[in-house]
Amino acid sequence: MARRAKTRGSLGRWMFRLLALGVLVGVGFAAWLWWDMRSWRPDVALYPEQGAVVASGTSGTRFQTLKAIGADFVYLELADAVGVPDPGFASRLSRARSSGLKVGIVQPFDPCLRADEQSSRYTRMVPRDGELLPPAIALTRTASGCEPAVSDAAVESELMTLVNQIEMHAGKPVILKLSRQFEARHRTARSTERDLWLMRDRARPDYAGRPWLLWSANSQLVSEASTDAIEWVVVQR
């Protein structure tokens, strides 16, 4: 009995040590991955055309530096339609274009609002200019939190209205910046024939069920181009 108890105690200590070692390895890997992701970008040999997204309200982005570290283009996000218009947007747009980067605009889609309210923000803030990249509509928020409730059919209808309104203003087809959550709820990739922009840190995204054009490969890239982390994007050709 004493021998059996001693054996069980020894086995328990080894199991505890193995568990502790596993936890340490896991913590160490997570720390390495976090540190590596601060500067990770997809291989330029695989994706020669790369760029960034500058969020609405971001200040101090150095667009010349962004170009120097390998960006060919930049997309500037507009503020949400329900929020206060971003007073720094016009300056960012001017500075981005002066840097020699190709520039595009991202319009966030709010499924709780009518399309007219959202497109009016875009048409007021964004000039008609054929040199701008195709506009993007960010589909990240679902209708789950809308008050009053909005049906999926109404969301799809308002989205298509917004697509048509922005395309009419821009003179180019939009790109749908589609999150996994929005696609799972609304199946937009299957119902709307527009180029896709998918998002997944480090690993190639596959949730749309068809090929994509743009991939946000690192949502938190740290660089000398900005005091804030930026979203790094690549083009698939």
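Before you click on anything, here is the one cut-off you'll want: a residue counts as buried when its relative accessible area is under 20%, as exposed when that area is over 50%, and as partly exposed in between. Keep in mind, too, that you are looking at a predicted model.

**Stop 1: glutamate 167**

Start by selecting glutamate 167, which sits in helix 5, residues 152-170. Is glutamate 167 buried or exposed? Its relative accessible area is 17%, so glutamate 167 is buried. Now show what surrounds this side chain. If you skip the neighbours within four places in sequence, glutamate 167 is in contact with Lys172, Pro173, Val174 and Arg194.

**Stop 2: along helix 5**

Stay on helix 5 and pick glutamate 158. Which residue does glutamate 158 meet in a salt bridge? The partner is arginine 114, at 3.0 Å from N to O. This pair joins distant parts of the chain: glutamate 158 belongs to helix 5, while arginine 114 is in the loop between strand 3 (102-108) and helix 4 (115-125), 44 residues apart.

Aspartate 152 forms a salt bridge with arginine 185, and the closest N and O atoms are 3.0 Å apart.

**Stop 3**

Move on to glutamate 183, whose relative accessible area is 1%, so it is buried. Look for arginine 190: the two form a salt bridge in which the closest N and O atoms are 2.4 Å apart. Arginine 190 is exposed, with a relative accessible area of 52%.

Then select Glu49, Lys102 and Arg237 together; a network of salt bridges links them. How many salt bridges does the count come to? It comes to 12.

**Stop 4: the barrel**

In what order do the strands close into a barrel? There are 8 of them, running 1-2-3-4-5-6-7-8, with mixed pairing. From one strand to the next, the twist averages 25°.

For an example of the pairing, zoom in on strand 7 (residues 214-221) and strand 8 (residues 230-235), which pair in the antiparallel sense over 5 bridges. Click leucine 214, and you'll find it opposite valine 235 in strand 8.

**Stop 5: the nonpolar cores**

Last, look inside. In soluble globular proteins, nonpolar side chains tend to be buried together. Which residues have the most contacts inside the largest nonpolar core here? Select Leu66, Val74, Leu76, Ile137 and Trp232; the core they belong to has 48 residues. Helix 5 supplies the largest share of this core, 5 residues. Apart from it you can find another core, of 12 residues, including Val106, Ala136, Ile175 and Val233.

Notes: Residues are numbered from 1 along each chain as its sequence is written. This is a predicted model: local features need pLDDT of at least 70, side-chain atom pairs count only at pLDDT 80 or more; totals for chains, interfaces and linings use all residues. Side-chain values use heavy atoms; hydrogens and water are left out. Helices (H or I, at least four residues) and strands (E, at least two) are DSSP runs, numbered from the N terminus. Buried means under 20% relative accessible area, exposed over 50%, partly exposed in between (1.4 Å probe, protein chains only). Contact means heavy atoms within 4.5 Å. A salt bridge is a side-chain nitrogen of Lys or Arg within 4 Å of a carboxyl oxygen of Asp or Glu. Two strands pair if DSSP finds at least two bridges between them. Axes are lines fitted to C-alpha atoms, for helices over the stretch in contact, and angles run from 0 to 180 degrees between N-to-C directions. A nonpolar core is a set of buried Ala, Val, Leu, Ile, Met, Phe, Trp, Tyr and Cys residues joined through side-chain atoms within 4.5 Å.
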